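Thanks for coming. I will take a few minutes to walk through one structure, and you can follow along on the screen.

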Amino acid sequence: MTKAAQTTTTETETETQTEAQNTKKLRILITGAGGPAAIAAMKSLRAEPSVELLAADMDPWASGLYLVPPECRTLVPAGAAPDFADTLLAR
């Protein structure tokens, strides 16, 4: 490899690393975390390093809540509850 090619490769690697450090993770909130579709989605999304996965459910024993770290879990009221949206937005 020539010196110019090595320099270009190094510059490209540095730019890629800088971009990765500067990009914010995409925050995805999965509601109904105990349901099979939510669990399947979370298992797929948690493999993606650019995603911060949050799980919410009204049942504290919902299995999907335990697929994310404790700080990423949220208990929410029923969807018909007046404070449902406020609880989600506070997250």
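**Helix α2 and the sheet**

I will start with packing: the buried residues of α2 sit against β1, residues 26-31, and β2. Keep in mind throughout that this is a predicted model.

Which residues of α2 are buried? They are A38, I39 and M42. Viewed down the axis of α2, these buried residues fall within an arc of 100°, so they line one face of the helix. The face turned away from that buried side carries P36, A37 and S44, which are exposed.

Now the sheet. It is an open sheet of three strands, in the order β1-β2-β3, and the pairing is parallel. The strands at the edges are β1 and β3, the latter being residues 73-75; each has a single partner strand, so one side of each is left without a neighbour in the sheet. From one strand to the next, the twist averages 20°. As a general point, strands of a sheet pair through backbone hydrogen bonds, either parallel or antiparallel.

Between β1 and β2 there are six bridges, in the parallel sense.

Next, the core. How many residues make up the largest nonpolar core? Eleven, among them I30, A38, M42, L53, V68 and C72. The elements giving two or more residues to this core are α2, residues 36-45, and β2, residues 51-57. The largest share, three residues, comes from β2. In soluble globular proteins generally, nonpolar side chains tend to be buried together.

Setting aside its neighbours within four places in sequence, what does L53 contact? The list is I28, I30, M42, L45, R46, V68 and C72.

Last, the protein as a whole. Its secondary structure comes to three helices and three strands, and along the sequence these follow the pattern α-β-α-β-β-α. There are 91 residues, and 21% of them are buried. Of the contacts with a separation of 6 or more, 39% are between residues 24 or more positions apart. The accessible surface comes to about 6,400 Å², with 59% of that belonging to carbon and sulfur atoms.

How values were computed. Residues numbered from 1 in each chain as written. Predicted model: local features only at pLDDT ≥ 70, side-chain atom pairs only at ≥ 80, totals over all residues. Heavy atoms only, no water. Core = buried A, V, L, I, M, F, W, Y, C linked by side-chain atoms within 4.5 Å. Buried < 20%, exposed > 50% of the residue type's maximum accessible area, 1.4 Å probe, protein only. Helix = DSSP H or I, 4+ residues; strand = E, 2+ residues; numbered from the N terminus. Contact = heavy atoms within 4.5 Å. Arc of directions from axis to C-beta. Pairing = 2+ DSSP bridges. Axes fitted to C-alpha atoms, helices over the stretch in contact; angles between N-to-C directions. Areas by Shrake-Rupley, 256 points an atom, 1.4 Å probe, with all protein chains shown as cover.
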